[in-house]
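Please look through the model below with these notes beside you.

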Amino acid sequence: MIIEAKWCGFDYGQCIMEPGGLRNPLLYGDIYKILGKPELIPDKIKKYRVLKEKYGSYGSIKEGHRDEIYSYVLDDDPAAIELFAAKEQELLDMGEGMEDALKFLQEQCIELQVVSEMKKTLGPVGTDIVSRFLKNRGLTKYFKELVTPQGKISLIDDSVDPKYKGHTKKTGTLYDVLAEELLERGIKPSEAVMIGDKPATDINPAHERGFKTIKYTGFIDLGESKADVEISHFSELTQIIKFKKD
Ligand SMILES: [Mg+2]
C-alpha cells in the first residue's frame, strides 16, 4: 500500500522514543549513590515499584504521572530531579531507522510534526522531556514544532501557540484543531498521515477524522486498530509514503 501525503505526524512515547532503559529501578540506585545517600536506595526502588503497580507500566507513569516520580520517589529534591532528568536523557532510545526515515520524508518535501499527548510540562517550556529529547538528539532538523495538549511548542524559539490547549489526542479534538490548521495551508486530512503506537490516541481518533494512520509496533504492540498500515521498522516508511502532488 502507498500512502500519498503532504504532512506526517509522529507520536513521541514508544514511537520516536523508547523509555526501555528507565524501566530499570537501579537507575534510582545510581542517583542516590551520586548524591552520597546510598542508604535511601532500597526505599526509592520500593516507591518506584509502588508507582509502577499503581499505573501499570512505566509508559503510563511517564505519559501522565511524571510529577509523581518527582514528588513521591524523589521527594521534590532539586538535585535528585536534575540527576533523574540527565540520566533519563542518557537512557532513552530512539526507534531504529527513525533518522533515515525522517531524512527521506523531508527530502520528499513532506511536512513533519511531533504530536504528543504530553499533558503536563514541568518547568519552563522548551525544557520539557519531549523538547529536550528532540533537541539533544538533533531531531530539530526535522521537527520544528511539537503539538500537545499544552499548546503548540516551537522547537526553534520555545514560543507556545495556545490553540491546542486543553485538546487531547484521546478525545480527538486535538486532531480537529490540527485538521483545521492543515486545511488553512491547503492540506486535507486525507493528505496527512499520523504514526504512533497507541490505537486509542494515535490511530482511531485520527482515522475517524479522515487522517491516514500507521501503527508502529517496533517497541510495543497495543493490539487491533483502524490503522491503514502497520509497520515494525521505520525503514518501511520509505516504501509506503510518497509526496502527494496536486
Ligand atoms: Mg505513544
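1. Leaving aside neighbours within four places in sequence, Leu102 is in contact with Leu112 and Tyr142, where contact means that the C-beta atoms of two residues, placed from the backbone, lie within 7 Å. The model is a predicted one, in which local features need pLDDT of at least 70, side-chain atom pairs count only at pLDDT 80 or more, and totals for chains, interfaces and linings use all residues. Residues are numbered from 1 along each chain as its sequence is written.

2. Leu102 is found in helix α6, residues 98-107; helices (H or I, at least four residues) and strands (E, at least two) are DSSP runs, numbered from the N terminus. Is Leu102 buried or exposed? Leu102 is buried, because 21 other C-beta atoms lie within 10 Å, and the cut-offs are 20 or more such atoms for buried, 12 or fewer for exposed, and partly exposed in between, with C-beta atoms placed from the backbone. Leu102 and Pro25, which are 77 residues apart in sequence, are 32 Å apart in space, C-alpha to C-alpha.

3. Ala227 lies in the loop between β10 (212-216) and β11 (229-231), and Ala227 counts as buried because 22 other C-beta atoms lie within 10 Å. Not counting residues up to four places away in sequence, Ala227 touches Ile203, Thr213, Ile214 and Lys215. From Ala227 to Ala206 there are 21 residues in sequence and 9.4 Å in space, C-alpha to C-alpha.

4. Helix α2 (residues 41-55) packs with helix α4 (residues 66-73) at an angle of about 145 degrees, their axes being 10 Å apart; axes are lines fitted to C-alpha atoms, for helices over the stretch in contact, and angles run from 0 to 180 degrees between N-to-C directions. Where the two helices meet, Lys44, Lys47, Tyr48 and Leu51 in α2 face Glu68, Ile69, Tyr72 and Val73 in α4.

5. For the protein as a whole, there are ten helices and twelve strands, and 35% of the 246 residues count as buried. Among contacts between residues at least 6 apart in sequence, 59% join residues at least 24 apart.

6. The domain assignment, which is automatic or from a database, gives domain 1 (3-17 + 93-243) and domain 2 (20-91). The centres of domain 1 and domain 2, taken over C-alpha atoms, are separated by 27 Å. Along its principal axes, the C-alpha trace of the protein spans about 65 × 35 × 30 Å.
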